[in-house]
Amino acid sequence: MSSYPQLDLTYFNVRARAECARMIMEFGGIPYNDIEMSFASFGEAKKSGKLPFGQLPVMKIGGENGRLIAQSGTINRYLASLVKTPGFVPTDPVEKAYCDMIHEAAEELFMIMPCVNIYKGEKFQEEKEKYFKETLPTRLQNLAKLLSNNWWFCGSTVTYADFDVYVFFDLARLVEPSVFKDFPTIPQWMSRVENLPGVKEYLARRPQPVEIGVNPHMEPRA
């Protein structure tokens with residue numbers, strides 16, 4: 001019998017708001033059900049009032065009669081609390097707040113998600129230029145400074161904040177492969193994330209965004 005509650009994660013077939021949650025569960029060896037919702041079904045669920053804030057992702061905790069949790073950051077923090085690796089969620093209140101600061105800073109980079117998954121043609125070009133000229137530069141510089149020469153963002157131990165930053169930086173790299181050329185510690189850190197147990201296997205099998213900016217969709221791995 002599993003020591004974890006039944007976890008049902010529902011999201012679209014895109015690489016965006018549920019990615020950090022999946023990485024946390026894969027790293028922690030936490031079993032979960034990954035439920036894909038179509039945009040048509042989402043419209044119906046939203047209209048029916050079944051979604052707490054009319055958004056995805058949502059996570060049902062505890063099976064059929066369990067609690068339905070929305071908001072991706074809340075889901076990330078809950079799942080991080082289940083991971084048994086010491087330090088994945090700092091126990092010291094100040095260090096915990098610092099870790100959450102990194103997580104929240106990453107969330108300010110969210111506009112890369114529609115660039116990868118939704119925008120096409122002229123709209124894609126406009127939003128891409130805005131993102132890489134206005135949204136990302138200062139935030140990237142700040143995060144690179146905080147990482148410095150540390151192994152992880154919070155020091156010597158990987159935390160859930162590393163996973164959230166990784167999600168946004170990984171998407172940025174898909175759109176602009178040379179984005180980190182002036183920040184060599186960032187690709188090195190990303191490589192460390194990519195080689196974590198559980199995460200490495202997950203990243204190798206997850207669907208890949210293709211035709212970004214033209215006809216964006218997800219393609220299963222061969």
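Ala144 is found in helix α6, which spans residues 121–147, helices being DSSP runs of H or I with at least four residues and strands runs of E with at least two, numbered from the N terminus. The model is a predicted one, in which local features need pLDDT of at least 70 and side-chain atom pairs count only at pLDDT 80 or more, while totals for chains, interfaces and linings use all residues. Residues are numbered from 1 along each chain as its sequence is written, and side-chain values use heavy atoms, with hydrogens and water left out. Ala144 counts as buried because its relative accessibility is 11%, where buried means under 20% relative accessible area, exposed over 50%, and partly exposed in between (1.4 Å probe, protein chains only). When neighbours within four places in sequence are left aside, Ala144 is in contact (heavy atoms within 4.5 Å) with Phe183 and Ile186.

Phe163 belongs to helix α7, residues 160–175, and is buried because its relative accessibility is 0%. Beyond the neighbours within four places in sequence, the contacts of Phe163 include Cys20, Met23, Ile24 and Phe27, as well as Val193, Leu196 and Val199. Phe163 and Met190 are 27 residues apart in sequence, and their C-alpha atoms are 9.4 Å apart in space.

Rolling a probe the size of a water molecule over the atoms shows where empty space is left. A cavity is here a set of points, on a 1 Å grid over the protein atoms alone, where a 1.4 Å probe fits but cannot get out, and its lining residues have an atom within 4 Å of a point. Grid points are joined across faces, edges and corners, and a volume is the space filled by probe spheres set on the points. A search of the whole structure finds one cavity of 30 Å³ or more, and the largest cavity has a volume of about 50 Å³. Helices α1 (19–28), α3 (72–82) and α7 each supply at least two residues of its lining, and α7 gives the largest share, three residues.

Most residues other than glycine have a negative phi, and most peptide bonds are trans. Gln71, which is not a glycine, has a positive phi of about 75° and lies in the loop between β4 (67–70) and α3. Ser148, in the loop between α6 and α7, likewise has a positive phi, near 50°. A cis peptide bond with omega of about 10° joins Leu56 and Pro57, and Pro57 lies in the loop between α2 (39–48) and β3 (58–61).

Notes:
1 Å grid on protein atoms, 1.4 Å probe; cavity = no way out; pocket = protein on both sides within 12 Å on 5 of 7 lines; lining within 4 Å.
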